[in-house]
Amino acid sequence: MLSLQAPSAVVMIRPHAFASNPETRDDNAFQTLSTVSAEATSDAARDEHDRAVQQLRDAGVTVHVFDDFGDLNTPDSVFPNNWFSTHPGGHVAIYPMFVPSRRRERRNDVIELLKQEYRVQDVIDYSGLEQDNLALEGTGAMVLDHVARIAYTVTSNRADPVLLERFCTHFNYEPIAFEARDAKGRDVYHTNVLMGIGTHYALICLDMISDPVRRLTVHNRLEESGRTVIDLTHDQIAEFAGNAIELTGRDGLVLALSRRALAALTPDQIATIQNSATPLPLSVPTIETAGGSVRCMIAGVHLARR
């Protein structure tokens with residue numbers, strides 16, 4: 001069964017110079033410092049990436065892999081979902097990033113592959129707005145409901161409200177923006193660490209949404225879209241339980257998430273997921289030190305094959 005929400009193909013970037021990026025540490029509370037050498041960290045991240053790619057392919061997901069050899073000093077390149085997104089109907093967006101090292105992650109060969117193998121009607125490039133200090137970091141900053149056409153967005157320096165409105169006008173989404181904070185009162189930097197939307201369910205920590213009226217709005221809109229809301233705790237979010245992406249595999253829907261994230265879910269929450277999708281846990285502990293997990297590693301391809 002094909003799902004508008006769950007792509008059957010993805011793009012992933014194989015890292016050769018991975019590191020926890022010092023430029024993003026100020027507003028990403030999920031980042032931690034590695035306790036081993038830079039070389040050992042990079043090697044471990046590459047191995048984790050390669051195993052994840054193989055597991056996805058074994059599940060029947062098409063994975064387009066591009067190497068990043070570190071020539072441009074892009075320690076976060078393993079997280080490509082932030083600089084581009086694809087959309088049904090043949091649309092591609094390219095995004096402005098908040099810090100300089102992340103701006104260097106954009107690459108033409110990825111866009112060219114999409115044009116060669118999929119039906120791409122247009123590419124809308126917002127990256128020039130970095131000159132105005134505007135950022136909208138793709139499907140990290142926005143969690144998109146492709147069915148109900150809603151862009152759920154945590155307000156932050158990674159998601160400019162004017163640019164969000166512009167994106168939603170171009171791509172026909174309704175923006176629902178809200179403030180979100182973790183258990184220590186720190187602002188959340190990306191929406192996709194606190195929520196993920198599947199075909200029949202949504203993972204979200206509602207308690208992180210600061211405004212109770214907005215919290216109720218988000219809950220109601222998710223339920224109105226026909227999804228079961230799986231309400232996560234702050235502790236589960238700290239284990240990256242919200243940073244998951246549903247994909248279409250050979251035998252149906254799978255939910256790609258980290259082993260750490262799956263271990264944090266309760267049996268009831270897992271059972272709700274298993275009503276429609278098979279959890280696919282990937283072991284990425286080194287990559288998670290950079291402040292992102294499995295969802296951040298995967299850029300979904302919502303395009304029709306040529």
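How many disulfides does the protein contain? The count comes to 0 disulfides, where a disulfide is a pair of cysteine sulfur atoms within 2.5 Å. Cys168 is in no disulfide, and the nearest cysteine sulfur, that of Cys296, is 20 Å away. Cys296 is likewise in no disulfide, the nearest cysteine sulfur to it being that of Cys205, 16 Å away. Cys168 is buried at a relative accessible area of 4% and Cys296 is buried at 2%, buried meaning under 20% relative accessible area, exposed over 50% and partly exposed in between, with a 1.4 Å probe and protein chains only.

This is a predicted model, in which local features need pLDDT of at least 70 and side-chain atom pairs count only at pLDDT 80 or more, while totals for chains, interfaces and linings use all residues. Residues are numbered from 1 along each chain as its sequence is written, and side-chain values use heavy atoms, with hydrogens and water left out.

Taken as a whole, the protein holds 11 helices and 15 strands, which are DSSP runs numbered from the N terminus (helices H or I, at least four residues; strands E, at least two). Its radius of gyration is 18 Å, close to the 19 Å that the globule rule gives for 306 residues, so the protein is as compact as a globular protein of that length; the radius is taken over C-alpha atoms, and the rule is 2.2 Å times the number of residues to the power 0.38. Of the 306 residues, 57% count as buried.

Another, Tyr95 with Tyr126, is stacked at 6.3 Å centre to centre and 20° between the planes. Tyr95 lies in the loop between strand E4 (91-94) and helix H2 (100-103), and Tyr126 in the loop between strand E5 (122-125) and helix H4 (138-141), so the pair ties together parts that are 31 residues apart in sequence.

How values were computed. Phe/Tyr/Trp six-rings, centres within 6.5 Å; stacked < 30°, edge-to-face > 60°.
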